[in-house]
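My notes follow in the order I worked.

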Amino acid sequence: MPFVQASNTLTNFTGTSSFTPLVGALIADSLAGPFWTIVVGSLFYELGIIAITISAIIPKLHPRPCPTQVNCQEASSLQLSVLYLSLLLISIGAGGIKPCVVTFAANQFDMSRTGVASRKWNYFNWYIFSMGLATLIALTTIVYIQDNFGWGWGLGIPSIAMALSIIAFVLGYPLYNISKPGGSPLVRMSQVVVAAWKKRKAPKPINPCLLYQNREIDALISVDGRLLHTEQFKWLDRAALTREGDAIESPNLWRLSTVHRVEELKSIIRVLPIWSAGILLVTATSHQSSFVVQQARTMDRHLSSSFQIPPASLSIFTVITMLIGQVLYERAIVPFARKFTKNQSGLTYLQRMSIGYTINIFATLLASIIEVKRKSVAAQHNLLDEPNATIPITVFWLVPQYCLYGLAEVFVNVGQIEFLYDQAPESMKSMAIALYCLTTSLGNYLGTMLVSLVHVYTGKHGNWIPDRNLNRGHLEYYYLLATAIQVLNLVYYVVCASFYTYKSLDEKKDSNEDA
């Protein structure tokens, strides 16, 4: 594939596999529950890996290698169809796995405020750490196998590992704390909007204590506690106004909603502006991994006379920095910050994310500077028109930006997941994690649009992102554009965060209250 087409294909796949979790989350929260959603999703994922492994083994299902990158044979319609089918199956599988694994694992612990405060470790930090550790194995062991033993082995081993993990997960069923689905969150939110609209002419409720509450109706969706009334979006409170003719014991929920259900909708509305800030962050950085790999291919990657670092393995520095950063954050930064903020978590989610956004800006700016350096060395050695030549500049010039991106992930990724999980209603936890995945999806699609527009409108001469010869492009300009987008996004985020109101939850159980 040409460079831009290949980059867009990869980004679109990432976007699709980050969009399907929204569907998976709705199924988990409404009907199937997290456990069975994970199982079914894992089976689809396994089928996708098997299909792409077969395409790598059978010669007719993939184009011939083209090491010279000149007059390369492009993939046929059949080969592309097999590839896209495999990626589609993997995307469907990801829809069942991504939104549910975080919440299902969290359900095995006491995630109440008192439970979290009593622990010296943060579940979300260690979840991201374990994902990073898996990525590290993929970028080292699996990439080494792919480069030295072929794609058949490189894809076959993960497919076997995935099959074993499915078996192990299912066998653990008797040990798990299985939560029951509480019905469709979309239906509940729609009921609140409809009920509020029907009472739009009613006077605004003055005393929140007069609003309708029914613990029996809310039992399945308020196991950990009831959401308390908040002063924002008061027009929605009309949904909980009782009127003559309303059946109080068993109401028509399209006419009368409880305070808890109204506050569920308010909680989702409140998180959306903060959530949306992550979209532009992904938009600005979505293609950088593939761009940096192409940069690395032109640089000196030798660690010794006989060993070269695979370009795709350079992201190992992001992962290593993230892993080290997670441990240091948990063991050093949190205790230090706690002395000043008096917050059990050291920093709030919003403060943590703002630091990550800022670091990401500097990482992208540094990427632009490094690209200028790479091209200047190529010009000095008359290699600008030699796309396959090795420029005499070490690939380790790229390491600082990778490390900064890894450091940004320590703050942004964990902050976003923890924020969405904690601030979402308990019956919408999977949906909240799906929103995190949807950030990646929308950001990748917008990133594809941005790269395509830049590629088209910067013209044939002086194109910022050329298809074949990166040395004659202006990738540094694209990085500067991405930096500017992130700066504007940071300003937007700070404004949204300054107006954010945390949800109010009464965690007392009914039995304790009765006592």
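I call a residue buried under 20% relative accessible area, exposed over 50%, and partly exposed in between, using a 1.4 Å probe and protein chains only. This is a predicted model, so I kept local features to pLDDT of at least 70 and side-chain atom pairs to pLDDT 80 or more, while totals for chains, interfaces and linings use all residues. Residues are numbered from 1 along each chain as its sequence is written, and side-chain values use heavy atoms, with hydrogens and water left out.

I started with Cys437. Cys437 is buried, because its relative accessibility is 6%. I then searched for disulfides, meaning pairs of cysteine sulfur atoms within 2.5 Å. The count is zero. Cys437 takes part in no disulfide, and the nearest cysteine sulfur to it, on Cys100, lies 9.7 Å away. I also checked Cys496. Its relative accessible area is 15%, so Cys496 is buried.

**Helix conventions.** Two packed helices are described by the angle between their axes and the distance between the axes. I took helices (H or I, at least four residues) and strands (E, at least two) as DSSP runs, numbered from the N terminus. Axes are lines fitted to C-alpha atoms, for helices over the stretch in contact, and angles run from 0 to 180 degrees between N-to-C directions. Angles under 35 degrees count as roughly parallel, over 145 as roughly antiparallel, 65 to 115 as roughly perpendicular, and the rest as oblique. A crossing is left-handed if the near helix is turned anticlockwise from the far one by less than a right angle, and right-handed if clockwise. Contact means heavy atoms within 4.5 Å. For residue classes, Ala, Val, Leu, Ile, Met, Phe, Trp, Tyr, Cys and Pro are nonpolar, Asp, Glu, Lys and Arg are charged, and the others, Gly among them, are polar.

**α7 against α12.** Helix α7 spans residues 259-285 and helix α12 spans residues 429-457. Their axes come within 7 Å and cross at roughly 40°. α7 is therefore oblique to α12. The crossing is right-handed. From α7, I listed Trp275, Gly278, Ile279, Val282 and Thr283 in the contact. The α12 side includes Leu435, Tyr436, Leu438, Thr439 and Thr440. By class, the residues of this contact are nine nonpolar, seven polar and no charged.

Is Thr439 buried or exposed? With a relative accessible area of 5%, Thr439 is buried. Leaving aside neighbours within four places in sequence, Thr439 touches Trp275, Gly278, Ile279 and Val282.

**α8 against α13.** Next I took helix α8 (residues 288-297) and helix α13 (residues 475-498), whose axes come within 12 Å and cross at roughly 155°. That angle makes α8 roughly antiparallel to α13. The crossing is left-handed. Gln288, Phe291, Val292 and Gln295 of α8 meet Leu475, Tyr478, Tyr479 and Ala482 of α13. I sorted these contact residues into six nonpolar, two polar and no charged.

**α10 against α13.** α13 also packs with helix α10 (residues 349-380): the axes come within 9 Å and cross at roughly 170°. α10 and α13 are therefore roughly antiparallel. The crossing of this pair is left-handed. The contact of α10 with α13 has 16 nonpolar, eight polar and three charged residues.

**Positive phi.** I placed Phe233 in the loop between β1 (226-227) and α7. Phe233 is partly exposed, at 30% relative accessibility. Asn382 is not a glycine, yet it has a positive phi of about 55°. Asn382 sits in the loop between α10 and β3 (391-394). At 68% relative accessibility, Asn382 is exposed.

**Two distances.** Trp197 lies in helix α6 (residues 185-198). Trp197 is exposed, at 56% relative accessibility. I checked Trp197 against Arg238: they are 41 residues apart in sequence, with C-alpha atoms 8.1 Å apart. Lys342 lies in the loop between α9 (316-341) and α10. Lys342 is exposed, with 70% relative accessible area. Lys342 and Gln108 are 234 residues apart in sequence, and their C-alpha atoms are 28 Å apart.
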